[in-house]
Structures are given as structure tokens and as C-alpha cells.
Amino acid sequence: MPEAAGIVTGEAVGVNRYFGSLLKVDKMHDPRSHFEDAIADPAVFLDTPEELSRYGRDWTGRFQGETPLVLRPNSTEQVQALLAVCHRKGIAVVPQGGNTGLVGGSVPRNGEVVLSLSRLNAIEGFDEPSASVTVQAGTVLETLQEFLAGKGQMFPVDLGARGSCQIGGMIATNAGGIKVLRYGHMREQVLGLEVVLADGTVLSNLNRLRKNNTGLDLKQLFIGSEGILGVITRAVLRCQPAPAQRQTALLGLERVDMLPAVLMRLRAALAELSSLEFFLKGALELVCARFDDARDPFAQPHAAYVLVECESGEPASVRFHEVLAEALEDGAAADAVVAQSGAQAEALWFLREGITEAISKTGLTHKFDVTVPPGALPLFMEGIRDLAARFEGVRPVFYGHLGDGNLHLNMVQGASLADAAFRALEEEITEPVYALVVDFEGSISAEHGIGVLKRKYLGYSRTPDEIATMRAIKALLDPRGILNPGAVLEP
Ligand code: FAD
Ligand code: 2HG
Ligand code: ZN
């Protein structure tokens, strides 16, 4: 029987029970009525076109969809009640945090309801003896950073989207960022997790213990699961003592193939190394061209640049300067500038962190976020240059997290190529890039996840048996397939 617009019929529910089609909530027919028996609070619902539009578009503008309704719970109990309704009626839901994800997993694609965690955003408490903080999923990273600074602590995962991305979204994507080489990803910071499953079951394990080997560590399943297995509502995170000192410098390298040697040298010499980032000449040119206040600090251009930062518990160490001086003396680096103040450090960081936005201001882009063994990065980038040369009007921009072998390759639209022609090249460009990643024994997603953008390429990095196991876990935890359908795993 066809579904009457906006009305849930028994048949529709019956069809959904065994992976049938999901119920479309009709935006013309009071979509909130599905949920009002479960939740009376009107602040939970947004359904006017003005309110809905920003939840339907991702940060890149590449992914855009429509939603009939945004749900904004402010407690675990509300998430539980809302998901129980979705599960019962077969209503598809896209969990959304700060909506800064770069693979299209946080926006509706087929009229799904959006479950925004933004109002579930309290910092519940800092526990000094266990050096841990308990937060709700919608806590914005920068808010947590500021809260912890007031306690002499720091949260060790940091990234350019810090002003918008949320802890729940960061856990759901296992975010990396600029300090992975010292402190690890989100996965390494999560001590405890609370998750609501598709049917409303709450798995709550807000563990603060460092040691707790009591059966399967279920939280690991949800870290990096991109909203397809459950909705993260609260977490207990590890903190680190705030560093007394940060030392920041930018090195200019004569050749791209010197990057691995610089990586090995700085990693070996600087025990307190916390960031090691890189970008090639074209990326720096783009930032300087797009932002009036960005300035190349060197007199001469260089082929590659390495941003190095140490965080230490002690006041400024002379070792940092000695190591840089040695690198200059024996030609590992051609030039170096050391930040003399916080403002100068920020200006150097902007040259790296401003690249993504500079690209957005330039044109469309096909985004890649790959890892290869760090020693192979120069050869890999050479291969990419050769490949890009086959596409007129496409310009590769190279930057990333050197310490992790993580390259953010962006194939950027040139002025000579119309939008439609550029978009049409997506597959033609993507397949050889990923084939090269496989040749180099790399991964097609280093830190941004699979989302929608990369789901059809998952097989480049995972075996058929692994993907089948992922599907089996998904079917077990979300038997009706209501959670973020079509993300990570192809429908
Ligand atoms: P969203 O974009 O809202 O969602 C991301 C995914 O997680 C979606 O699939 C969504 O369904 C799911 N999700 C969100 N919240 C929940 C929840 N509570 N429960 C279950 N599922 C949920 N990423 C890095 O790893 N390293 C970087 O250095 C980095 N730099 C960036 C710089 C810029 C300028 C930008 C725009 C992005 C950058 N990113 C980076 C990507 C992005 O910021 C991260 O992926 C971030 O972790 C996403 O968090 P979010 O709250 O915005 O999640
Ligand atoms: C970064 O490290 C982000 O700057 C974004 O992960 C990368 O936009 C990109 O391609
Ligand atoms: Zn990154």
C-alpha cells in the first residue's frame, strides 16, 4: 500500500521491519507530529525552511540535501525517546555535530530527519586525580579547550575546525589533527562513552579508569563509526597538563624529497615535538593570494615547508634552537624562522591552517585525505603530479600532517575549467589516485572518514570479508537501517 503523505501506516512500518524501504517524513504534513507523543518540549523541533536550510548543507558545499525536520535533544533521555520512535516507525536519521565533516556524512541525502547534538553541550566535570573530563557530545572543541585551560590542563586533539566541531562528531570520525604524532587520535583519548543505539537502548559506560579489561571494549566500535551504529551522547576524555611553553618554527626546504629526512631528524632530536606539518610551495602561494594578512616569512620561495612545534612542561628550551641551527648548517633546511611571540606563532600556523579555506575561496576541489608510509611521500606526490598533468585545468595542492604521513591532496579547479566539467572529472581523477595509494600500501582515508564521498572506494582499503563483517555489525546494532543510511557502507 502506498504511504499517505506524512501519515505512518501500519503497512509502512511492516515493510520497514526487514530492511524494507524507510518511511519518508513529509515536510508538508507536520513532521514533528511523529515525535510529539514522546517529547513535548517544542525547543527540540525545528521545521521552518529558514531553520532547516543550514542543516542540509555541508561545510564544503559539495553535499546538499533537504530535511523535513531537525531534532535537537538536550539530554540522553530525549535522544533515547526520539530514536525509539524512529526505530519503531522506520524513520531514517542523520546524526549531526558541528557539520564540519569533509566527506558528506553529516547531512541528509534522501530527506532524512537530522538529529543535531548541539543542545547536548554541557561540560559535566573535571576529575583531577584521573586527569579526565566528562562532556556531552555537543560540546564544541574550542569550548572544551578554554574550559581546560582554566584548570591548567589541555585537550590533546586539536584541529582547524576547533571553533565548530563537536566532541561527539570528533569521536564519531576518530578525528586526528595537528598533534597526533605526540598524543594520538580521538581514540586514544576516550576513556568512557555513552551511546544510544538505533532502538533507543542506552549503552552507558562512563569509565574513568585507565585500566579496565572487562570483556569486549565496546566503545571502540563506535569511535570512528560515523553515526551508522549509534548516537554518541556523552564521553569521558583524557586530559594532559597544559604546556608551560610552546616553541614554533617554519622551515623552508630546497627540495620536496628532503621531507622524510627532516621528519626523522626532528623526531629523533626533539623529545617534546608535538606538531610536524608540511605544505608545498603552491599551497603557501594560495594562502598568501587569498588572505590579505597572510605573509610568506621568507625572502625566497622554497619547494616545501615544515611547520614544527614543541610543547614542553619547562620554560623555553635551548635545544629547539640548536636543532634548527644544525639543520640549517648541514643543509637539511635552506631557511628557518622561529616565532618570537604567540602572535607570530599564530601567523605561522595560519599559513598551514588557512590552506583549506584558501582552496574553498579559489574554486571547486576534489578532496583526498590519504596516508602513505612517510618515507614514500615525495615519490607519491611526484606520481600525483604526473597524474594531475593529464587533466587540463586541474591543479594539485599538497599539504598535511608530515609526522603521520597524512597528505591532504586537493585537486583544485583552475579558472579555465567550468564547474560542470570539473565535477564530471571526479571519478576519472579519483580512481587513479586511489590505485596509486594502493601501490604505495597506503590508506584512502587517513582521518576524515568514509562518509558518502568515499564509500564506493572502501574496497581499495578494506577486504570484502572486512566489509561483510562491518555490514553484519551494522545489521546487529541497527536492524532497520535507520542510522545514517548510505554513509560508509553502500546501500
Ligand atoms: P559532523 O561533521 O557533524 O559529523 C561527522 C560525522 O559524524 C557524520 O557522519 C555524523 O553523522 C557523525 N556524528 C556527528 N556527531 C555524532 C554523534 N554525536 N554521534 C554519532 N555520530 C555523530 N578532521 C581531522 O580529523 N583532522 C583535521 O585536522 C581536520 N581539520 C579540519 C579543518 C577544517 C577547516 C575543516 C572544515 C574540517 C577539518 N576536519 C579535520 C574535519 C572535521 O572537522 C572532523 O571530521 C570533525 O571531527 C567533525 O566533527 P563535527 O562535530 O563537525 O561532525
Ligand atoms: C587539515 O588538516 C584538514 O587542514 C583539512 O584535515 C584538509 O581540507 C582538507 O583537505
Ligand atoms: Zn588534517
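So, Glu447: one of its polar side-chain atoms sits 3.0 Å from a nitrogen atom of ligand 1, a polar contact being a pair of N or O atoms within 3.5 Å. This is a predicted model, where local features need pLDDT of at least 70, side-chain atom pairs count only at pLDDT 80 or more, and totals for chains, interfaces and linings use all residues. Residues are numbered from 1 along each chain as its sequence is written, ligands are numbered from 1 in the order in which they are written, and side-chain values use heavy atoms, leaving out hydrogens and water.

Staying with ligand 1, its oxygen atoms come up too: there's one 2.7 Å from a polar backbone atom of Gly97, and one 2.9 Å from a polar backbone atom of Gln166. How much of ligand 1 does the protein bury? Alone it exposes 970 Å², and 95% of that gets buried, with areas from the Shrake-Rupley method and a 1.4 Å probe. Around it are 34 residues, each with a heavy atom within 4 Å. Helix 5 contributes the most, four residues; helices here are DSSP runs of H or I, at least four residues, and strands are runs of E, at least two, numbered from the N terminus.

Now back to Glu447, which turns up again at the zinc ion, ligand 3. Glu447 (OE) coordinates zinc along with His401 (NE2) and His408 (NE2), at 1.9 to 2.1 Å; donors are N, O and S atoms within 2.8 Å of the metal, or 3.2 Å for Na, K and Ca. Are His408 and Glu447 buried or exposed? Both are buried, meaning under 20% relative accessible area with a 1.4 Å probe, protein chains only.

Definitions and conventions
Buried < 20%, exposed > 50% of the residue type's maximum accessible area, 1.4 Å probe, protein only. Polar contact = N/O pair within 3.5 Å; in protein donor to acceptor, adjacent residues only side chain to side chain.
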